[in-house]
Amino acid sequence: MMQAEDARYLKRKVKGGSIDVHPTEKALVVNYELEATILGEMGDPMLGERKECQKIIRVKGLHENSDLSTLAKEIIEKCKLIHPSKLPEVEQLLYYLQNRKETAPPKASGKTKLSDKPGDPAFSDGSEINEVANINDVDDYLEMLYEELPEKVKGCALILQLARNPDNLEELFQNETVVSALVRLLREEWKRSTDLATNIIYIFFCFSSFSSFHAVILHFKMGTLCMTIIQHELKKHELWQDELNKKKKAADTDKNNTKLRDDYEKSLKKYEGLVRKQEQLLRVSYYLLLNLAEDLSVELKMRNKGVVKMLVNTLDRNNFELLILVVSFLKKLSIFIENKKEMVDLNIVEKLTKLIPCDHEDLLNITIRLLLNLSFDPDIRSKIIKYGLLPKLVNLLTNENHRLMVLCILYHISMDDKAKSMFTFTDCFPIVMKILLESPETPDIELLALCINLASNKRAAQIICEGQGLKLLMKCAFKFKDPLLIKMIRNLSQHSGPTKNLFIDYIPDLCSHVLDWDNEEFSLECLGILGNLTIPELDYELILKEYNLIPWIKGKLQSGSAEDDVVLDVVILVGTVCSDDACAKLLADSNIIHLLIELLNAKQEDDEVVCQIVYVFYQMIFHEATREIIIKETHILLDKCFGHNYFYYLCEQK
């Protein structure tokens, strides 16, 4: 085995390879092979290793009038990996880049899933240097970190170029001197230069993209330092705003004073430049923290140091890239109730109103997802209505990219009875009905769940049933035989008034599905609709005879012949039809009363069933033909089951 003292020399050999263009950026990609060999005291090779590497040379200054020949020579002079003999090839590749059309990122269409993760931070102004970094010159860049501030910024920018290439990360991280120097420099100099701080944090962000580096990043307490920097920058921004507002107020007060106006405009330009740089720093800092927060114990430490407040305060910015990152971070934190409560206290819903809607699709998508996480809380749902977000969310239903998430939020809101009526002041019903009725297959469960909740509101039910609404819903329900869709229709049928009369035309279809019972869930809801049709003008006796429902009812009331929910709905139907004198007599003659008493004896622990059976008897007491039957033949059993006092109280009402 080779001992450490046996190794005397390290020989490195770089072999150039092919050159290609970058697929998306204005850059050349140089492939090369790095061979490292450890030599013994006598110069003989003792250990060797080869590594395939890539070098990216960005040529952002390339435009249609660029001198390609001069530019190619300049690249070859600066990049030792490219042999001078490849000058024609470099010129040809530059020509291709010069004429290649810029491709914008694809817009989401249809049901394309939008990205749930923000993109990498862009280069800061301090990183835009003409020199191309080389992994072999790291020691030179390290020396620059000990020079004056401009050289420090440049050295960090060159190391950042290397760190942006994942192939270089392991080698950079093994260089403890470089890493320690960067940490020290950030601790000592971050207040002096925003560019310097941005570049160094960006370097550690590149490391943080891989979990294997997190332990060392945490060892250097980079997360704590980033939060200190963020807190300082947010306070500094408040001071900038206060100063700018004072100058604006002074200029507006004395509009004839050109000096004050010029001073304000000059300060505004300076403010915009400072904010642009500051937001680059905030973005890389938050992104580093987000990567480190994959460890829940680290996330908890961040929360205790006030990361939620920092993020919510940053929502006031107008930088889309920064906002995507901040909202993504808040979405991750929002799954814990402590974080959610803090967000509520910081009035996050009001801050999100400016983002819904917005022109940036990815930002809108991630904001809706955050709002969905928050909408499980009733207080948040009330704030969504208070700050006018409900109509905005409803209008987003027309956008297929966001429809599913919006439906989930609206479903949560519709769970609150007070909120249901608020939907009637939006365009929700025509939009939802259009989506529902135009669906080529069974509608989405989220859409149906929303409709079921809304249908339980009387005014909403009237709006839904207006015109051809109920007819189209019935047609759709019988087509798909979807239990949730027919449940929505059942909710529509429960409301008194003109809405109930609209169901008379569908009694034949409903009875048919009840008798078939081929789809139990669907048929059960049809049975429930029939039980809801308490219409005085309806001839229930004719319905029972025409569809031969009495034998079916008796069969379901037999003890143990049906599930409890089926039995309950059958009893409700009996209570409904008993409002008719002839129908009540028909049921009494069919031995239904005795079946109900037996059922009462068997289900006396089930309060709901007992209540509905008592209601049936209450209905029958109203009719002379059935009152005597109940009193003479059933009072002993009734006394046994639930006490005679209540039953006789019902009788005394007549």
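## Salt bridges

A search of the whole structure, which is a predicted model, finds 27 salt bridges; a salt bridge is a side-chain nitrogen of Lys or Arg within 4 Å of a carboxyl oxygen of Asp or Glu. One of them joins aspartate 316 and lysine 351, with the closest N and O atoms 3.1 Å apart. This pair links distant parts of the chain, 35 residues apart: aspartate 316 is in the loop between H12 and H13, and lysine 351 is in helix H15. Helices (H or I, at least four residues) and strands (E, at least two) are DSSP runs, numbered from the N terminus. Aspartate 316 is partly exposed at 47% relative accessibility, whereas lysine 351 is buried at 18%. Buried means under 20% relative accessible area, exposed over 50%, and partly exposed in between (1.4 Å probe, protein chains only).

Aspartate 518 and lysine 481 also form a salt bridge, at 3.5 Å from N to O. Aspartate 518 lies in the loop between H27 and H28 and lysine 481 in the loop between H24 (469-480) and H25 (483-493), so the pair ties together parts 37 residues apart in sequence. Glutamate 624 and arginine 627 meet in a salt bridge too, with their closest N and O atoms 3.3 Å apart. These two are three residues apart in helix H35 (residues 624-642), a separation of about one helical turn. Glutamate 624 is exposed, at 52%, but arginine 627 is buried, at 14%. Elsewhere, salt bridges link Lys487, Arg490, Glu525 and Asp569 in a network.

## A buried lysine

Lysine 500 is in helix H26 (residues 498-501). Lysine 500 is buried but has no salt bridge, and the nearest side chain of opposite charge, glutamate 537, is 11 Å away. Here Lys and Arg count as positive and Asp and Glu as negative; His and the chain ends are not counted.

A polar atom of the lysine 500 side chain lies 2.7 Å from the backbone oxygen of asparagine 532. Leaving aside neighbours within four places in sequence, the residues in contact with lysine 500 (heavy atoms within 4.5 Å) include Ser493, His495 and Leu533.

## Aromatic pairs

The whole structure holds eleven aromatic pairs. Rings of Phe, Tyr and Trp (its six-membered ring) pair if their centres lie within 6.5 Å; planes under 30 degrees apart count as stacked, over 60 as edge-to-face and the rest as tilted. Tryptophan 517 and tryptophan 552 form a tilted pair, 5.7 Å centre to centre with 55 degrees between the planes. Both of these tryptophans are buried.

Lysine 556 lies over the face of tryptophan 517, 4.8 Å from the ring centre. The rule for a charge over a ring is that NZ of Lys or CZ of Arg is within 6 Å of the ring centre and within 35 degrees of the ring normal. In another part of the chain, ring pairs link Phe173, Phe204, Phe207, Phe210 and Phe213 into a cluster.

## Helix H12 and the whole chain

Six of the eight residues of helix H12 (residues 307-314) are buried, so H12 is largely enclosed by the rest of the structure. Among the buried ones are Val307, Met310 and Thr314. The helices that the buried residues of H12 pack against include H9 (222-253) and H10 (258-292).

The chain has 36 helices and three strands. Of its 654 residues, 48% count as buried.

## Basis of the values

Residues are numbered from 1 along each chain as its sequence is written, and side-chain values use heavy atoms, with hydrogens and water left out. In this predicted model, local features need pLDDT of at least 70 and side-chain atom pairs count only at pLDDT 80 or more, while totals for chains, interfaces and linings use all residues.

Conventions: A polar contact is a pair of N or O atoms within 3.5 Å; within protein, one must be able to donate a hydrogen and the other to accept it, and residues adjacent in sequence count only if both atoms are side-chain atoms.
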